[in-house]
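Reader: Hello! Could you walk me through this model, one question at a time?

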Number of protein chains: 2
Amino acid sequence: MAETAAAIDQELGKVLPEKEDRRGKLIKSLRYSAIGGGKRLRPFLAMQSARLFSVPQTQALCVATAIELVHCYSLVHDDLPAMDDDDQRRGKPTNHKIFGDALAILAGDGLLTMAFELLNRPDTGIQPEIRSELTFELAKSAGICGMIGGQAIDIQAQHQPMALSNIEYLQALKTGALIGFAVDAGPILASASKRHRIALARYANALGLAYQIIDDLLDTEGDETDVGKQLRKDNNAGKATLVNALGVERAKDKARQMTEEAVLSLKGFGPEAQLLREVATFLFSRTH
Amino acid sequence: MAETAAAIDQELGKVLPEKEDRRGKLIKSLRYSAIGGGKRLRPFLAMQSARLFSVPQTQALCVATAIELVHCYSLVHDDLPAMDDDDQRRGKPTNHKIFGDALAILAGDGLLTMAFELLNRPDTGIQPEIRSELTFELAKSAGICGMIGGQAIDIQAQHQPMALSNIEYLQALKTGALIGFAVDAGPILASASKRHRIALARYANALGLAYQIIDDLLDTEGDETDVGKQLRKDNNAGKATLVNALGVERAKDKARQMTEEAVLSLKGFGPEAQLLREVATFLFSRTH
């Protein structure tokens, strides 16, 4: 994961070159929230799913970087005072705390737009029909039927009790959809068989749910310096999380079960899927 | 233009079908700011530039709708309290006044993302390599080297005097880039000759600048009910507009000159370019 993170940082540095120009702090604001930080889980998943099918690394890296740009944009907008109002992200002040709300809104917009530009650059080595398919799937997973839809439910549900099935639906959209696309990127790049895509979709669903529960568990039990953002906010805000709905022990059981399901869904793959198996168990090992 | 506007509304209605679901008011918020309103100038330009090359209308309509989605998103974010803080848009309250800041941010994000999804739908009849080229060019014109870059300069320049050349640069990014893409859409869809693309780029540059000056003139001289948004804000905020920099009369001269330049740049085209010529003179006729 550290290797992927370093490669992504390098790509982002190329896509967002630092320079003084009339746009003032705009580029600084994008760079601040994109470069140097985060586990880069989604890019890692994209790189590994591409590896299963021996996709050229430059192609995988392009898609992985686009996915991370979308993830970073969502964090910048999510942290805004009008949204979750967070002060800390990835161990440093949130974007709007440094650059103000207006530039944070524009930085988010810029990161999102850059993802689609990057994915459709003519020099990536990815065939045009694959570029278009990737763009279509990325936009769907990030859009109103995916991530944005999940965030909208999240915002409107605050301070309201929510049924377990609704919380799962919310998480599937908010976090699951983009993780799903990251895992789908490999088979799309390789025009792989439907059987492989279905197996990997099963993996992504289980991993996405496990990841969200683990994130919520860390919010409840974790250490702020360790996690890099303000904790215990969700609990205080009475937010609809699976941990709040199930209680810590049952939530941990569910995360364990989903982790096993993720590993199991890869049984059709050989040793080339080892890191996808390990990342699932690694994420679970972060809970206490 | 009214015909195009009606067709765009119909397309947007299909892309954003009204329905009750767990996402609450999200779809309502997108529909509120996308459907029914605005002159639809950019879609009109895209439809007419496609007509020059006999591009099938369904293909042109797809791109025109994607451009309008991008334009609508930019208005929603631009109107936010953290940005321009506007209360009125297209003759009705701005999105955040109705749905709150959080849903307005998400609606903007959703409209932008939907543009890229729409453009890459497999059922549009547009060839994949053209879809990818359109996506690349749309993302560039909307991104940090285009519209977002212009907005960033605009925000940071408030209450600061700005040189005329800088104001022109700001406008070229903020309004010019997306208008430029709209006019470029036709030749891209038709894989037209470089000569045609250059002539149309000249048209778009002149029209874009004329349009911005006319918009600023209407802000200074216009009637609020007529224009559909709060006026005289730019002047009060000491904003860097060409009208503030040149004065009303010289600005009007410049707009006239750019209108003539736009018409002149189409001399290589026949009667099929008549509406592109007329829209330039129509826009100018709106000034007093």
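Predicted model: local features only at pLDDT ≥ 70, side-chain atom pairs only at ≥ 80, totals over all residues.

Reader: What separation do the C-alpha atoms of Tyr32(B) and Ala107(B) have?
Author: Along the chain, these two residues are 75 residues apart. Tyr32(B) and Ala107(B) both belong to the contact of H2(B) with H5(B). Their C-alpha atoms are separated by 9.4 Å.

Reader: Are H2(B) and H5(B) roughly parallel or roughly perpendicular to each other?
Author: Helix H2 covers residues 26–34 of chain B and helix H5 covers residues 95–119 of chain B, and their axes come within 8 Å. The axes cross at roughly 90°. Angles of 65 to 115 degrees count as roughly perpendicular. H2(B) and H5(B) are therefore roughly perpendicular to each other.

Reader: How many nonpolar residues does the contact of H2(B) with H5(B) have?
Author: On the H2(B) side the contact includes Leu26(B), Leu30(B) and Ala34(B), and on the H5(B) side it includes Ile98(B), Leu103(B) and Leu106(B). The contact also has four polar residues and one charged residue. The nonpolar residues number ten.

Reader: How are H4(B) and H7(B) oriented, roughly parallel or roughly perpendicular?
Author: Helix H4 (residues 57–78) and helix H7 (residues 147–157) of chain B have axes that come within 12 Å. These axes cross at roughly 20°, and angles under 35 degrees count as roughly parallel. H4(B) and H7(B) are therefore roughly parallel to each other.

Reader: Which residues of H7(B) make the contact with H4(B)?
Author: H4(B) passes H7(B) in a right-handed crossing. From H4(B), the contact takes Val70(B), Tyr73(B), Ser74(B) and Asp78(B). From H7(B), it takes Met147(B), Ile148(B) and Gln151(B).

Reader: What axis relates chain A and chain B?
Author: Chain A can be laid on chain B with an RMSD of 0.0 Å. This takes a turn of 180° and a shift of 0.0 Å along the axis. That is therefore the relation of a two-fold axis.

Reader: What area is buried between chain A and chain B?
Author: The contact takes 50 residues from chain A and 50 residues from chain B. Carbon and sulfur atoms give 72% of the buried area. In total, the area buried between the chains is about 4200 Å².

Reader: Which residues of chain A lose the most area to chain B?
Author: Three residues together account for 17% of what that side buries. They are Arg22(A), Arg23(A) and Ile144(A).

Key. Residues numbered from 1 in each chain as written. Chains lettered and ligands numbered in written order. Heavy atoms only, no water. Least-squares fit on C-alpha atoms with pLDDT ≥ 70 in both. Axes fitted to C-alpha atoms, helices over the stretch in contact; angles between N-to-C directions. Helix = DSSP H or I, 4+ residues; strand = E, 2+ residues; numbered from the N terminus. Parallel < 35°, antiparallel > 145°, perpendicular 65-115°, else oblique. Left-handed = near helix turned anticlockwise from the far one by under 90°. Contact = heavy atoms within 4.5 Å. Nonpolar A, V, L, I, M, F, W, Y, C, P; charged D, E, K, R; others polar. Buried area = accessible area lost by both parts, 1.4 Å probe.
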